[in-house]
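Work through the following exercises with the sequence and the model at hand. Each task is followed by a stepwise solution.

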Amino acid sequence: MRARGHLLGGVVAGASVAGVGTLTGHLHGPAEFNWWVVAGTGVFFSLFPDVDTDSLPRRWFYRAVVVALVGLVWMGESRLGIWLAILAMLPLLDHHRGWTHGRWMPLLGPGLLGLGAAFAFRTDPLSVTSFYGQVGSLGVVYFVAAVVGWYTHLLLDGLFHLFPDDPQ
Ligand SMILES: [Zn+2]
């Protein structure tokens, strides 16, 4: 599926997670900035898998990465910049529909990213009990948005054979 279809799927997925987050009391509706960031997280991860091929999402992803890297160097956060550069290169290590389109990646990718970020920015020694305290229920909403957005991409690509006629 092309970028436009994935964008539409991502908007539906992101808005759905933000909507459920509002209904369950984790978010306070579209008037809140976090609502849009949660929805945007769903959109981002529904486009992200095609960073591994010549696509519109890839061009915009690497433009944003370059801007972020320049910004991090400017702010003296070179170490964070190196980590961002390493992470941004990972989709280039495989062929199209390689690891970014793996069945368990929508769970593993955001999970490892969240664990890495919680470890890197920890304020107390990290343990299972302190992890939830530091990530918080809002962190879980972001995780769900990333997982649902990423799976939406794989579904629309026909990787689960729900739409067998989808061109590969
Ligand atoms: Zn794809």
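A residue is buried if 20 or more other C-beta atoms lie within 10 Å of its own, exposed if 12 or fewer, and partly exposed in between, with C-beta atoms placed from the backbone. The model is predicted: local features need pLDDT of at least 70 and side-chain atom pairs pLDDT 80 or more, while totals for chains, interfaces and linings use all residues. Residues are numbered from 1 along each chain as its sequence is written.

**Exercise 1.** Locate Gly25 and classify it as buried or exposed.

Step 1. Gly25 sits in the loop between α1 and α2; helices are DSSP runs of H or I with at least four residues, numbered from the N terminus.
Step 2. Gly25 is exposed, because it has 8 C-beta neighbours inside 10 Å.

**Exercise 2.** Describe the packing of α3 and α4.

Step 1. The axes of α3 (residues 56-74) and α4 (residues 78-89) come within 8 Å and cross at roughly 160 degrees. Axes are lines fitted to C-alpha atoms over the stretch in contact, and angles run from 0 to 180 degrees between N-to-C directions.
Step 2. The two helices, α3 and α4, are therefore roughly antiparallel, a term for angles over 145 degrees.
Step 3. Residues of α3 including Val65 and Leu69 meet residues of α4, among them Leu80 and Leu84; contact requires C-beta atoms, placed from the backbone, within 7 Å.
Step 4. The residues of this contact divide into 9 nonpolar, 2 polar and no charged. Ala, Val, Leu, Ile, Met, Phe, Trp, Tyr, Cys and Pro count as nonpolar, Asp, Glu, Lys and Arg as charged, and the others as polar.

**Exercise 3.** Which residues does Ala145 touch, leaving out those up to four places away in sequence?

Step 1. The contacts of Ala145 beyond that range are Gly14, Val17, Val38, Thr41 and Gly42.

Conventions:
Two residues are in contact if their C-beta atoms, placed from the backbone, lie within 7 Å. Angles under 35 degrees count as roughly parallel, over 145 as roughly antiparallel, 65 to 115 as roughly perpendicular and the rest as oblique.
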